[in-house]
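Here's a friendly walk through one protein model. Have a look at it first, and then we'll go through a few of its features.

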Amino acid sequence: LAPSSRNRELFLALSADARRPLTEIAGMLGASAPAVARRLGDLINKRQVVFRCDIARPIFDFPIAMVLSLKVAPEHAEELAFRIGAWEETRFCASVASTANLIVVAGLRSLVDGEGFMLKLSGLKHPAEVLHRAINTRTFKVYGRLLDEDGRATRHIPVDPWLTSTGG
């Protein structure tokens, strides 16, 4: 279901800072807070927006990322994506249409943890062949936010699903 263009400004305001009070967002949109609340509720109910939280990874959590392209039997790709996606250190996992049909991003506390993650992969019921492995030593952008050297957001570049259909 394509998002309604009437919600573009609301979506862009939320993507910049979803913690803003509804009254402030309503003022930006020239609407009442109850009207904005109804529109927001509708977007949430239709699952057209989902709120996420991210952290400054070098300060907390898993500061290093290992990016893996895996080849698995196509009939097991979704099952393995779900299983690997449930692991604590997995930050992103998706089945895709490609020779490498499973993409995994694992967060590591240290480079040594990468070997532990690879051991977990080798212990899966269905084999996963590693076609490509890379270590991400620094993240520059996450969910549209440019990050400084400490992983803190410095600037926001919104995702705008309407950009091509509205001419920008």
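## Charged pairs

Let's start with lysine 46, which forms a salt bridge with aspartate 42, their closest N and O atoms sitting 3.4 Å apart. (A salt bridge here is a side-chain nitrogen of Lys or Arg within 4 Å of a carboxyl oxygen of Asp or Glu.) Lysine 46 is partly exposed, with a relative accessible area of 45%, and aspartate 42 is partly exposed too, at 32%. For those labels, buried means under 20% relative accessible area, exposed means over 50%, and partly exposed is in between (1.4 Å probe, protein chains only).

Before going on, a word on where this comes from: the model is predicted, so local features need pLDDT of at least 70 and side-chain atom pairs count only at pLDDT 80 or more, while totals for chains, interfaces and linings use all residues. Residues are numbered from 1 along each chain as its sequence is written, and side-chain values use heavy atoms, leaving out hydrogens and water.

How many salt bridges turn up in a search of the whole structure? There are eight. One of them joins the side chains of glutamate 115 and arginine 133, at 2.7 Å from N to O. Glutamate 115 lies in helix H5 (residues 112-122) and arginine 133 in strand E4 (residues 129-136), so this pair ties together parts 18 residues apart in sequence. (Helices, H or I of at least four residues, and strands, E of at least two, are DSSP runs numbered from the N terminus.)

Arginine 19 and aspartate 17 also meet through their side chains, at 3.3 Å from N to O. Arginine 19 counts as exposed at 75% relative accessibility, whereas aspartate 17 is partly exposed at 22%.

## The two sides of helix H4

Which residues of helix H4 (residues 77-85) are buried? They are Ala77, Leu80, Ala81 and Ile84. These cover an arc of only 105 degrees around the axis, so they sit on the same side of H4. (The arc is that of the directions from the helix axis to the C-beta atoms.)

The face turned away from that buried side carries the exposed residues Glu78 and Phe82. Among the elements covering the buried residues of H4 are strand E1 (64-71), strand E2 (90-95), strand E3 (102-108) and H5; contact means heavy atoms within 4.5 Å.

## A three-stranded sheet

Three strands make an open sheet in the order E5-E6-E7, with antiparallel pairing. (Two strands pair if DSSP finds at least two bridges between them.) Strand E5 (141-142) and strand E7 (153-156) are the edge strands, each pairing on one side only.

Strand E6 (residues 145-147) pairs with E7 in the antiparallel sense over three bridges. Leucine 147 stands opposite alanine 153 in E7.
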